[in-house]
Amino acid sequence: MKKYAYIGCLGFIAVITTEFGIIGILPQIAEHYKISIDKAGYLLSAFALIIALTGPFMTLLVSGYDRKKIMLTSIAIFLITGLVSSFSPPFWLLMVVRVLPAFLQPVYIATALSVAVSDATDNKNELMSIVFSGVALAMVTTVPFATWISSLWSWEYSFMIQTLVCFIAFLMIYFMLPSIPVKEKKSYGSQLKIVMQPSFMLSTAANFFMITAWFSTYSYFADYLNKAKGMNETMISYMLFVFGIIGVLSTWIAGKMLKHDVTKTMAFFLSGTLVVPILLYVSHDDLFSTIIVIGIWGFMYSPSFLNASTYMISSAPDSLEFANSLATSFGNLGVTLGTTLGGWMIVSKGVANNIWICFAFGLLALLMMLLRIIYDSKSKDVTVAEK
């Protein structure tokens, strides 16, 4: 039902604003706490690491509860921790309240997707794309707006905006989503068995390497554009807007493409991990060329989480929620590794070289896709022969 998908999308905007809104203000936070930019990056990588380590287990744990209550609880935690963060607490406390909502982020995403496609037949990918469009919408609205406001006043205002978005999402879920109890809870064993399927394992590896590739540079979007391209904070907020508005379009396009061919869609957008680094390198510090490349970057990057989830679910169609939680978990493990490697590159070689981490891991992701194609082809041949 599209109504449920749009409600899930609104909550997704709140979740993504909280997770990635930090990207545009990392330099300000580093300056405020007198720490290096790579240490400030822990606020993003630690968040993602918690998701990676606990996501599937938390999703299994709450799989028998009313889905409306799960979504409300998740957004409430995001709201409270965002409010605490807006008071610029000591860095250790800021780190604590940053990671707390991470325990429930994959739970929210998996639940919102499950609710959106609960009554769907042949348009599941389209409904999933509506929910996932929250990523691109956040990138075009709340994330750049929070970054822009922070550039005018201070970084604490970014968290205030995140808190407001979470509050609006909470109200919409509370008043517009009916109670949705789970009719039949699947056994833990039946859901866990998908982990050992080679096709699913290769899909997971492709997801992991792809997100690692993108976030080795995207996590330091503001720092990269400032030091490698010479942009100020206001211009960076405009670039986030360009990035996001094109991402809304590309997510919609990806949703349409996924209805026809999941593998080709995944491969097409994944190719951006190879194309974008080269274009960023050859654009040098030319403003017009850089804006064009950022538009291409936003187009190729924005559907990545949608593509990864759909690609992984395609190898385990009977375990949608758990498969998606694993997609979220390994995707965020990729965020952690990409952010960590990006921070290391900044300290050792300079932020301008982060793009080559993206290129290398993009190649690994494409290799995993190729191996899955080969495996699926051989499995199909064996099945036909047995018949």
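Figure 1. N226 lies in helix α13, which covers residues 221-227; helices (H or I, at least four residues) are DSSP runs numbered from the N terminus. The model is predicted: local features need pLDDT of at least 70 and side-chain atom pairs count only at pLDDT 80 or more, whereas totals for chains, interfaces and linings use all residues. Residues are numbered from 1 along each chain as its sequence is written, and side-chain values use heavy atoms, with hydrogens and water left out. N226 counts as partly exposed because its relative accessibility is 38%; buried means under 20% relative accessible area, exposed over 50%, and partly exposed in between, with a 1.4 Å probe and protein chains only.

**Figure 2. The salt bridge between D223 and K227****.** Side chains of opposite charge can pair when their charged atoms come close. In D223 and K227, the closest N and O atoms are 3.4 Å apart, and a salt bridge requires a side-chain nitrogen of Lys or Arg within 4 Å of a carboxyl oxygen of Asp or Glu. The two residues, D223 and K227, are four residues apart in helix α13 and are therefore separated by about one helical turn. D223 counts as buried because its relative accessibility is 5%, while K227, at 55%, counts as exposed.

**Figure 3. The salt bridge between D376 and R372****.** A search of the whole structure finds two salt bridges. One of them joins the side chains of D376 and R372, with 3.0 Å from N to O. Both residues belong to helix α20 (residues 354-386), where D376 and R372 are four residues apart and so separated by about one helical turn. At 29% relative accessibility D376 counts as partly exposed, whereas R372, at 7%, counts as buried.

**Figure 4. The aromatic pair F215 and Y301****.** The structure holds 24 aromatic pairs; rings of Phe, Tyr and Trp (its six-membered ring) pair if their centres lie within 6.5 Å, and planes under 30 degrees apart count as stacked, over 60 as edge-to-face and the rest as tilted. F215 and Y301 form an edge-to-face pair, with 5.8 Å from centre to centre and 65° between the planes. This pair links distant parts of the chain, as F215 sits in helix α12 (residues 198-218) and Y301 in helix α17 (residues 287-301), 86 residues apart. F215 and Y301 are both buried. Ring pairs also link W214, F215, Y218, F221, F243, W297, Y301 and F305 into a cluster.

**Figure 5. Helix α14 and its N-terminal cap****.** N232 caps the N-terminal end of α14 through a side-chain oxygen that lies 2.8 Å from the backbone nitrogen of M235. The buried residues of α14 include I236, M239, L240, F243, G247 and L258.

**Figure 6. Helix α16 and the residue that follows it****.** The twelve residues of helix α16 (residues 272-283) reach 16 Å from the first C-alpha to the last, close to the 16 Å expected at 1.5 Å a residue. Its buried residues are G272, T273, L274, V276, P277, L280 and S283. Just after α16, H284 takes a positive phi of about 55°.

**Figure 7. Positive phi angles at K34** **and S88****.** Most residues other than glycine have a negative phi. K34, which is not a glycine, has a positive phi of about 55° and is placed in the loop between α2 (26-32) and α3 (37-40). K34 is exposed, with a relative accessible area of 70%. S88, likewise not a glycine, has a positive phi of about 45° and is placed in the loop between α5 (67-85) and α6 (91-99). At 27% relative accessibility, S88 counts as partly exposed.

Methods
A polar contact is a pair of N or O atoms within 3.5 Å; within protein, one must be able to donate a hydrogen and the other to accept it, and residues adjacent in sequence count only if both atoms are side-chain atoms. The expected span of a helix is 1.5 Å times one less than its number of residues.
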